[in-house]
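Hi,

Here is the structure I said I would pass on. Have a look at it first, then read my notes below.

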Amino acid sequence: NERLRALNDMMGGVLEVKKEDILKMDIPPPSFISKPEHVWNDEEKKIFREHEKKVKELNEEKENYRRALENELEKLEASIQETTKKFDETVCKLSERKVKSEMVIYQEELKIVNLVYALLLDEELDAREAGLHNFLMKKEKEKVSYHLECCSWETCNIYNINLEHGFTKEFAGVPPDLLEELFQLYKHRPKTTMTEMLLDTAGLYGDCSGSAEDYKRALGLLMKAMDELDSPEHMPNGLDLSIWEHFCLARRSKMESEELVKWKALTLAEMEAFLQRRMDDNEKIKSEIEDIFQELTWLKEEKIKLRLNLTVQFLLKQGQVELESTEIPDYTDAILINKAVIEELNCSIMAQAEKKIASMVEYKDFSKGIFQLEWEHKKMRMQIEDLKQKARDIATLPISKDRQLFLTVLNYDSRIAHRISVMEQSLGIMDELHKKNVKNRQKRIKELEKCISLKEQENYELSLELKETLVSVSERRHLFEAADTQHVSEKIAKQRYREILKRKHLRGLVKKQEEQFEILQAEAE
């Protein structure tokens, strides 16, 4: 392909040559570069210089291009960092906005939940109150108002009547033998009495019409039985028929009155039992009604509490509320107060605090003035004591002879000059005597030094002799100790050991005492 071959040969395989491609290219060295320099001719040297110049220019262009690329890289990095920072800030703002939005949403949801809870609780209380009212109405309907009518019965003292007295009085004209027989018949009763019939037919109290019919039916049966007893067959012999009829009527009226009293007594007992049952039922209903009323009052109180004790949400910043412990405090008995009340209270507290601070400052200044006055008073007292002491010193001041002479003699200066000259002469004489004494003392010191050196030499010789004698003594002692028995040697060894320990202890005490003595001497100095 001629086109591709020409492109590769003439333009390096590209149609547009870029600057970085040119800078990447290397300038080929001349062909004579392998020859030594002294062989080069002038033209070759010129070509080499041009080659070096081109290489230098290429390197400079490469360096400039590298710097430009580095500057561009720095600019790009700075722009990337700035873009990243802006992006991060935008993300932070969006995240904060998201958190705030979620916070507002959760607050509203919490408000909705609290409102729903309050509504449900209110509905439940209303339903409970309605149910209690219905139950109360039912109990009031079931409640029976007991109105007991005080039936006034005729107090028939039948059982306390003196039958014999009444009977004898009514039938006074009857002979005594017939009267006794009539009295027996007067007390006689039929076999089936009306009381047994009433007991058989007695039911629950409340059916008054049925009871009256039973009473009438039983009374009719009793009258039929009495008809049999009232027949003339049972009449005593010799008794008048009119008296017998009168006797039968009296006996019938007596029986009717007795049975009426018995029937009323049974009715009263039944009424009392029924009344007791109703009273017990009434007490139960009353207790249930009282419980219902208590529950209704409790429900009303709870409704009032729910209306007054409202749930209020507060938005508190993080870090504004400090808790001493990790436990969340109980705010059930907390009270919501207006901010103006707290600010007014704080203002009053600040005013009282300022008054207290002003009084404390006044007290401090006053106490400071008292201390200053006390200090001045103490200073004046000390000055008075100093002046008194000076007066006493002046009064008791001893005056020397020189001062007396100064005060009495007129030519005091000439006298003092004469005295000074005399004292100088005496001092010169004393100085000469002192020099003579010093020379004598120096001679004595030299003589003593000579004696000391002689004594030291003698001591050295004596120490050598002492060492020799000690060696001989030790040898003899060893011989003597070897000759002794083992028991004696042990005793001596123990004694020597004790002596050595004693000496060691004494040396330690001596060292301690010397150290203490040195310390005390240093302290004394």
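Below is what turned up in it.

Keep in mind that this is a predicted model.

Let's start inside. The largest nonpolar core is made of eight residues: Leu125, Leu132, Leu136, Ile285, Ile289, Ile292, Leu296 and Leu299.

Asp126 and Lys303 form a salt bridge through their side chains, at 2.6 Å from N to O. Because Asp126 sits in α3 and Lys303 in α8, the pair ties together parts that are 177 residues apart in sequence. Which of the two is buried? Lys303 is, at 13% relative accessibility, while Asp126 is partly exposed at 33%.

The whole structure has nine salt bridges. Another one pairs Lys111 with Glu108 (3.8 Å, N to O); they are three residues apart in α3, so about one helical turn separates them. Over in helix α11 (residues 412-483), Arg444 and Glu447 are also three residues apart, and their side chains meet at 3.7 Å, N to O.

Now for the surface. Asp280, Asp281, Glu283, Glu290 and Asp291 make up a patch of negative charge there. Of these, Asp291 belongs to helix α8 (residues 241-308). There is a nonpolar patch too, formed by Leu310, Val312, Phe314 and Leu336, with about 440 Å² of accessible area together. Val312 is in the loop between α8 and α9 (339-395) and is partly exposed, at 43%.

Cheers

Technical notes
Residues numbered from 1 in each chain as written. Predicted model: local features only at pLDDT ≥ 70, side-chain atom pairs only at ≥ 80, totals over all residues. Heavy atoms only, no water. Patch = residues over 30% accessible without salt bridge, like charges linked within 9 Å, V, L, I, M, F, W, Y side chains within 5 Å. Areas by Shrake-Rupley, 256 points an atom, 1.4 Å probe, with all protein chains shown as cover. Salt bridge = Lys/Arg side-chain N within 4 Å of Asp/Glu carboxyl O. Lys, Arg positive; Asp, Glu negative; His and termini not counted. Charge placed at Lys NZ, Arg CZ, Asp CG, Glu CD. Helix = DSSP H or I, 4+ residues; strand = E, 2+ residues; numbered from the N terminus. Buried < 20%, exposed > 50% of the residue type's maximum accessible area, 1.4 Å probe, protein only. Core = buried A, V, L, I, M, F, W, Y, C linked by side-chain atoms within 4.5 Å.
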